[in-house]
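Subject: Structure handover and findings

Hello,

I am handing over the structure we discussed, with my notes on it. Please read the notes with the model open beside them.

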Amino acid sequence: MLKLDSNYNEVARFGVYGSPRNDNTGLNAPFDITLDGAGNVYVADNANHRLVVLDNDLNYVGQFGTTGTPLTGATGLKNPWGVTVYGENVYVTSVGSSGQR
């Protein structure tokens, strides 16, 4: 994932292009991103079954979900597709879980 300035120059990077990762250094099939008011980036990391949180410089902050292991029910994510932030709440759509989180 890249962060570009207004002239399309790279200013930050998370992960390595063409190298899917299932750890805290990259993503595997990211489907959607959104930002909160503080500039934190939320990524629906689809193939890793998690929501990744990065700071404004694309440094790993944390995650929701268990990397590489789809969870179902009230506590897990399975192939998250979409994410948005409204106020202090984060909303995630996830295929195969019990709806939105």
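What follows is a summary of what was found, starting with the whole chain and then going site by site.

**Whole chain**

Please keep in mind that this is a predicted model. The protein chain has eight strands and zero helices, so its pattern, read along the sequence, is β-β-β-β-β-β-β-β. It has 101 residues, of which 33% count as buried. The accessible surface comes to about 5,900 Å², and carbon and sulfur atoms account for 50% of that surface. If you take the contacts between residues at least 6 apart in sequence, 33% of them join residues at least 24 apart.

**Salt bridges**

How many salt bridges does the count come to? The count comes to two.

One of them joins the side chains of glutamate 10 and arginine 13, with an N to O distance of 2.8 Å. Strand E2 spans 10-13. Glutamate 10 has a relative accessibility of 43% and therefore counts as partly exposed. Arginine 13, at 42%, is also partly exposed.

The other is formed by aspartate 45 and arginine 50, whose closest N and O atoms are 2.7 Å apart. Are these two residues buried or exposed? Both aspartate 45 and arginine 50 are buried.

Aspartate 45 belongs to strand E4, which covers residues 41-45. Its relative accessible area is 0%, so aspartate 45 is buried, the cut-off for that class being under 20%. Leaving aside neighbours within four places in sequence, aspartate 45 is in contact with Gly26, Leu27, Asn28, Ala29, Pro30, Arg50, Val52 and Pro80. Arg50 in that list is the salt-bridge partner of aspartate 45.

Asn28 deserves a separate entry. The side chain of aspartate 45 reaches the backbone nitrogen of asparagine 28 at 2.8 Å. In sequence the two residues are 17 apart, and from C-alpha to C-alpha asparagine 28 and aspartate 45 are separated by 6.1 Å. Asparagine 28 sits in the loop between E2 and E3. With a relative accessible area of 24%, asparagine 28 is partly exposed, whereas aspartate 45 is buried.

**Histidine 49**

Histidine 49 is in the loop between E4 and E5. Because its relative accessibility is 9%, histidine 49 counts as buried.

**Valine 53**

Strand E5, residues 50-54, contains valine 53. Valine 53 has 16% relative accessibility and so counts as buried. Its contacts, neighbours within four places in sequence left aside, are Val41, Tyr42, Asn59, Tyr60, Val61 and Gly62.

**Aromatic pair**

How many aromatic pairs does a search of the whole structure find? The search finds one. The pair is phenylalanine 31 and tryptophan 81: the ring centres are 4.7 Å apart and the planes stand at 75 degrees, so the pair is edge-to-face. The angle decides the class, because planes over 60 degrees apart count as edge-to-face. This pair links distant parts of the chain, with phenylalanine 31 in strand E3 (residues 30-35) and tryptophan 81 in strand E7 (residues 80-86), 50 residues apart. Phenylalanine 31 is partly exposed at 41% relative accessibility, and tryptophan 81 is partly exposed at 47%.

**Surface patch**

On the surface, Leu2, Leu4 and Tyr8 form a nonpolar patch. Together the three have about 360 Å² of accessible area. Tyrosine 8 lies in the loop between strand E1 (2-4) and strand E2 (10-13). Its relative accessible area of 68% is why tyrosine 8 is classed as exposed, the cut-off for that class being over 50%.

Regards

Definitions and conventions:
Residues numbered from 1 in each chain as written. Predicted model: local features only at pLDDT ≥ 70, side-chain atom pairs only at ≥ 80, totals over all residues. Heavy atoms only, no water. Patch = residues over 30% accessible without salt bridge, like charges linked within 9 Å, V, L, I, M, F, W, Y side chains within 5 Å. Areas by Shrake-Rupley, 256 points an atom, 1.4 Å probe, with all protein chains shown as cover. Salt bridge = Lys/Arg side-chain N within 4 Å of Asp/Glu carboxyl O. Helix = DSSP H or I, 4+ residues; strand = E, 2+ residues; numbered from the N terminus. Buried < 20%, exposed > 50% of the residue type's maximum accessible area, 1.4 Å probe, protein only. Contact = heavy atoms within 4.5 Å. Phe/Tyr/Trp six-rings, centres within 6.5 Å; stacked < 30°, edge-to-face > 60°. Polar contact = N/O pair within 3.5 Å; in protein donor to acceptor, adjacent residues only side chain to side chain.
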